[in-house]
Amino acid sequence: MSVGTAATDSLPARALRVIPGGVNSGQRRIPGLTDLIVTGTSGATFTDAEGRVYTDYHSAFGPPLLGHNDPDVQRAVAEAATRLDLTGVAVTEGEVTLAETLVDLVPSVEKVLLTSTGSEATFHALRVARAVTGRRLIVKFQGCYHGWHDAVSLNVISSPEAVGAPDPISTGILPEVLAATLVLPFNDPAAVRAAFAEHGADIAAVILEPIPHNVGCLLPDAEFLTTLREQCTAHGSVLVFDEVITGFRHDLGGYQKIAGITPDLTTFGKAIANGAPVGALGGRADLMEQFSTRPGAPAFFAGTYNGHPWVVAAALETLRKLREQPVHEHVFRLGERVRTGLAEMYTRLGVPAVVTGYGSVFVTYFMAGGEPRSYDDLLANDANLFIGYRRRLLEHGVFELPLNLKRSHISYAHTDADVDHLIAATELAVQDAIKDGGIDELAGTSTMGGATEGTAH
Ligand SMILES: Cc1ncc(COP(=O)(O)O)c(C=O)c1O
């Protein structure tokens, strides 16, 4: 079929004709922003087709911790690309150096395998956990996202009535696969103990975001993480920290280093390569040795692009800069300034708000009360205002993703002046959003789930 490309066609219109929904990932078609065309990125900003420049706090859901188009990472990739292409045989020096670096940096990592995405890393973590334990069940937590594959495609941003029961984010998942994942509330040690008391002998793995950033920021209680470690050890289950967001962004050793809890397996992605497609799975040597990368081992593991020399070069350069430059000091300091400044502003305006986050990550929930501990607490968030002020922020050249509960990120390229502007612009945007009194298409902006109907059976 021929496809029209008349000069009058807008890019989104052309996209809609040939790409389902006009975008290549499920959370990129944003109600209210379907005409947005991004034509350039640089440092802390992106530019749209009309030449408007936005300070970017969405940051592609988290990868560019150094900022967009980091010149050193670009140089490293270009240099690798002129020297070495993918051959699909043996191993390259960069892969070995990257593995050595991860073993060196992250407490739980004794051996490591590279993937292209975070989803592949979490998929393989659960596969090997089942292979080693011979058990069926996976435990995850309401509000955590671990990628698109079936075992974890449930109970992320659920509507209030869907909490407490399986809430798939996709149709087409076998009911027996959904039934093999138990969903528990985050930060609830009693629920964890009860699940192990009932199903302990059948639990292959417990997987969690140590800070569930896919719903903004739920900080974990020490007792909760300790309970997970104790219960997994006592019952022979594999504890998986999904550090796809927290890894390298919060600390070179991951959040596990900050929390002092060592999981059995850890998954990485995003900030590991500043935006180049790299994921990784690392952990206990005896578990990692089960992958078919070792002759005769039972857990099949493969990927044409795994360890591609260009993206490995991006990861090595990113990690070098994170180690040698005061990146964390900078983004943590700005993160603190943002949180303090916003909290003062909301108090002054008399707007009920909880400003939270960790390090470079920040989010404001529009609700009364203290720091949220679980997804249930977040149901009180005023989604209208959460999305509404972010739409109004665009008028001030500031981009925070206008979807409910989404976190924002600070990079090494953001400045103190950016923070000043963010706080001033947010004040105006929030006041305007309150005056506006709501948005039209809340349905497409506030949940991710509810796909029960049509699920394969
Ligand atoms: C915590 C977490 N795990 C896994 C994934 C999946 O990673 P990817 O999108 O690279 O497949 C994501 C993606 O947002 C994530 O936030």
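In this predicted model, helix α4, which spans residues 118-133, lies across β4, β5, β7, β8 (238-242), β9 (265-268) and β10, and its direction runs at about 155° to that of β7. The strands named here belong to an open sheet of 7 strands, arranged in the order β4-β10-β9-β8-β7-β5-β6 with mixed pairing. The edges of this sheet are taken by β4 (111-115) and β6 (181-184), each of which pairs on one side only. Averaged over the sheet, and with direction ignored, neighbouring strands are turned by 20° against each other. Another helix, α3 (residues 93-105), also packs on this sheet, where α3 touches β4 and β10 (279-283) and makes an angle of about 125° with the direction of β4.

Strands of a sheet pair through backbone hydrogen bonds, and the pairing may be either parallel or antiparallel. Both senses occur among the strand pairs collected below.

| Strand pair | Sense | Bridges | Residues placed opposite |
| β12 (361-365) and β14 | antiparallel | 2 bridges | V361 and H409 |
| β1 (38-42) and β2 (45-48) | antiparallel | 4 bridges | G40 and T47 |

The pair β1 and β2 forms a hairpin in which 2 residues lie between the strands, and G43 in the turn adopts a positive phi of about 55°.

The pair β12 and β14 is part of another open sheet, in which 3 strands follow the order β11-β12-β14 with antiparallel pairing. Because β11 (354-358) and β14 (408-409) stand at the edges and each has a single partner strand, one side of each is left without a neighbour in the sheet. Helix α11, formed by residues 327-349, lies across β11 and β12 and runs at about 175° to β11.

Contacts between helices are illustrated by α6 (residues 189-199) and α7 (residues 222-235), whose axes come within 9 Å and cross at roughly 10°. Since angles under 35 degrees count as roughly parallel, α6 and α7 are therefore described as roughly parallel to each other. On the α6 side the contact is made by P189, V192, R193 and F196, which meet E223, F224, T227, L228, Q231 and H235 of α7. Sorted by class, the residues of this contact comprise 5 nonpolar, 3 polar and 2 charged.

Which residues lie closest to the ligand? The ligand is surrounded by 15 residues, of which the closest are T117, G118, S119, G147 and V244. Helix α4 supplies the largest share of this shell, with 3 residues. By class, the residues of the shell divide into 4 nonpolar, 9 polar and 2 charged.

A last point concerns the confidence attached to the coordinates. The chain has a mean pLDDT of 95, and 96% of its residues reach 70 or more. Over residues 1-5, however, the pLDDT is below 50, and this stretch has 4 contacts in the model beyond near neighbours in sequence. Residues 453-457 likewise have a pLDDT below 50, with 9 contacts in the model beyond near neighbours in sequence. Where pLDDT is low, the predicted coordinates should not be read in detail.

Terms used
Residues numbered from 1 in each chain as written. Predicted model: local features only at pLDDT ≥ 70, side-chain atom pairs only at ≥ 80, totals over all residues. Pairing = 2+ DSSP bridges. Contact = placed C-beta atoms within 7 Å. Axes fitted to C-alpha atoms, helices over the stretch in contact; angles between N-to-C directions. Parallel < 35°, antiparallel > 145°, perpendicular 65-115°, else oblique. Nonpolar A, V, L, I, M, F, W, Y, C, P; charged D, E, K, R; others polar. pLDDT = per-residue confidence, 0-100. Near = placed C-beta within 6 Å.
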